[in-house]
Amino acid sequence: MTYPETQLRHLLPLLLICDNLRDPGNLGTILRSAAGAGCSKVLLTKGCVDAWEPKVLRAAMGAHFQVPIINNLDWETLPNYLPTNTRVYVADNCGLHAQAQLSNKASDHGWVCERRLSRLHKYEEEVEEEEDDLEPGAGKAWLPELEVQSYDLDWTEAPAAVVIGGETHGLSLESLQLAESTRGKRLLIPVVPGVDSLNSAMAASILLFEGKRQLRVKAEHSSRDRS
């Protein structure tokens, strides 16, 4: 498929990775935002709804013809579709490690997800059981340890990819491991206490357009320095 030349001229070193997005309306809206922000590519992992499903097409409002979409990817092959030196960031602030770095009360920050917190507790319990049979020093090395960063601080110093998880299943462990391996971080969008979460499409839009803003500011500073 070929894409409009105007669109290609405005592409940014910014990718979107969709992880377990199962709602067609959400995915279509996210694709529309990705096209509007100027994403260079959208990668969909296995488990996402089909990007060409009719409800996705309707919600995307033509975005399929504005941004390249690669469907049905395994996590093992997904890095092959990332530009060199890409850093992968995850839109996730309800993991145990993220909350511990930000607050003693998990409800103080947005996207608190009891189901995902329980799942991470389960991961840790399984690891603790396995550690009994391991030598000293072995054990939790496989658990990703990602620094938490506010979404409006600089995260575009290198080509960036943002992972958005589905609202039901959240982010996969593979996405966290990929972020760790590329020296990425968790991006946090704070919300007021009492608000459980942001819709996946809304969160994706906030992050993508913040990335676009940061890249535009960098370009303007670079242009002034050259002049």
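Helix α6 spans residues 173-181, and its buried residues are Leu-173, Ser-175, Leu-176, Leu-178 and Ala-179. Buried means under 20% relative accessible area, exposed means over 50%, and partly exposed lies in between (1.4 Å probe, protein chains only). Helices here are DSSP runs (H or I, at least four residues), strands likewise (E, at least two), numbered from the N terminus. After α6 comes Arg-183, with a positive phi near 65°.

This is a predicted model: local features need pLDDT of at least 70, side-chain atom pairs count only at pLDDT 80 or more, and totals for chains, interfaces and linings use all residues. Residues are numbered from 1 along each chain as its sequence is written, and side-chain values use heavy atoms, without hydrogens and water.

Now take helix α2 (residues 24-37) and helix α7 (residues 200-226). Their axes come within 9 Å and cross at roughly 10°. Axes are lines fitted to C-alpha atoms, for helices over the stretch in contact, and angles run from 0 to 180 degrees between N-to-C directions. Angles under 35 degrees count as roughly parallel, so α2 and α7 are roughly parallel to each other.

Next come the salt bridges. The structure holds six. Each is a side-chain nitrogen of Lys or Arg within 4 Å of a carboxyl oxygen of Asp or Glu. Glu-157 pairs with Arg-87, their closest N and O atoms 2.5 Å apart. This pair links distant parts of the chain, 70 residues apart. Glu-157 is partly exposed at 45%, whereas Arg-87 is buried at 16% relative accessible area.

Glu-210 and Arg-213 also form a salt bridge (2.7 Å, N to O). Both lie in α7, three residues apart, about one turn of the helix.

Methods. Angles under 35 degrees count as roughly parallel, over 145 as roughly antiparallel, 65 to 115 as roughly perpendicular and the rest as oblique.
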